[in-house]
Structure formats: structure tokens, C-alpha cells
Amino acid sequence: MAEYMTRLLYENPVPFKVRSAAYQALRTTKGVGDLGQVRDPLNRPGQKVALPVYERKSSVLKEQFIVDTRTMTLLAHYTDLQDGGKQLAGKTAVETYKVGWTDDKPAVPAAG
């Protein structure tokens, strides 16, 4: 459930009040941890929250998010997937987001 609330912070163009309500619901969801004020990889300030750890057999998934609480938008998403205590290559990552309105045509990122 918590992962769906984070999507409202970046996937859909929703009003501030909806994003704010999603963030408040996320923070009060059982198992979600508040990790305090931090800076994302782009040096932007935000509040870091951790989703409940998902464990299945020997696999463990940890996810953390940094949210700009002034705009209620997602700044960064941290993913750590381990199997048997070892990080899985390509499954541990940090994604940063920049959200906002534009009239520009989308740019295709360079391959690489």
C-alpha cells in the first residue's frame, strides 16, 4: 500500500492537497519509518522515509524515499535488493526526480 502512495508524489499531475494527503498517509502507515531531514544526491533538502522491509525466502528488499515537504514531491528513491545477504547487481540503485509543469517536448536521454 505504501508504494502506491509514493506514486502520487511523482507519477501523476495531482494537486498539492492530494500529494500532501498521500504523504501524510504514507508517514502514518504501519512499518514506514521516518529517517529525518536529509539531502538527496542533488543536494536538495527533504524528509527521508523508509518503506517496510519486504522479505521472501532469502531475498530482502529495502526502499527509501526523500520527499520535498514544501512541494510534496518526490526527490529521490533508493532501492536495495539482496539475496542471501549479497546485493544483486543492477537491483540496488538511487533514482532522482525533477517534477514540474512544462510546455517543452520530451527529450530522449542518451543511451549508455
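User: Which residue is the bridge partner of Tyr54 in strand 4?

Analyst: In this predicted model, Tyr54 has Leu61 as its bridge partner in strand 4.

User: What makes strand 3 and strand 4 a pair?

Analyst: Two strands pair if there are at least two bridges between them. Strand 3 (residues 54–56) is joined to strand 4 by 3 bridges, so the two count as paired. They run antiparallel. Their hairpin has 2 residues between the strands, and Lys57 there takes a positive phi near 55°.

User: How do you know that strand 4 also pairs with strand 2 and with strand 5?

Analyst: The same cut-off of at least two bridges applies. Strand 2 (residues 45–50) is joined to strand 4 by 4 bridges, and strand 5 (residues 73–83) by 10; therefore both pairs qualify. Each of these pairs is antiparallel. Gln64 of strand 4 is the bridge partner of Ala50, and Gln64 is also partnered with Tyr78 in strand 5.

User: Which residue takes a positive phi in the hairpin of strand 4 and strand 5?

Analyst: Met72 does, with phi near 55°, in a hairpin with 4 residues between the strands.

User: Why is Thr73 called buried?

Analyst: Its relative accessible area is 12%, and buried means under 20%, so Thr73 falls in that class. Thr73 lies in strand 5 and touches Leu9, Arg19, Ile66, Val67, Asp68 and Val99, leaving out residues up to four places away in sequence.

User: What makes the link between Thr73 and Thr71 a polar contact?

Analyst: The side chains are joined at 2.7 Å, and the limit for such N or O pairs is within 3.5 Å. The pair therefore meets the distance criterion.

User: How do you know that the buried residues of helix 2 lie on the same side?

Analyst: Arg19, Ser20, Ala22, Tyr23 and Leu26 are the buried residues in helix 2. They cover an arc of only 160° around the axis, which is why they are on the same side of the helix. Helix 2 (residues 16–27) has 12 residues and spans 16 Å from first to last C-alpha, close to the 16 Å expected.

User: Which residues make up the largest nonpolar core?

Analyst: This core has 11 residues: Leu9, Tyr23, Leu26, Val32, Val49, Leu51, Phe65, Val67, Met72, Leu74 and Tyr97. Val67 is in contact with residues including Leu9, Tyr23, Met72 and Leu74. In soluble globular proteins, nonpolar side chains tend to be buried together.

Methods
Residues numbered from 1 in each chain as written. Predicted model: local features only at pLDDT ≥ 70, side-chain atom pairs only at ≥ 80, totals over all residues. Heavy atoms only, no water. Expected span 1.5 Å × (residues − 1). Buried < 20%, exposed > 50% of the residue type's maximum accessible area, 1.4 Å probe, protein only. Arc of directions from axis to C-beta. Core = buried A, V, L, I, M, F, W, Y, C linked by side-chain atoms within 4.5 Å. Contact = heavy atoms within 4.5 Å. Polar contact = N/O pair within 3.5 Å; in protein donor to acceptor, adjacent residues only side chain to side chain.
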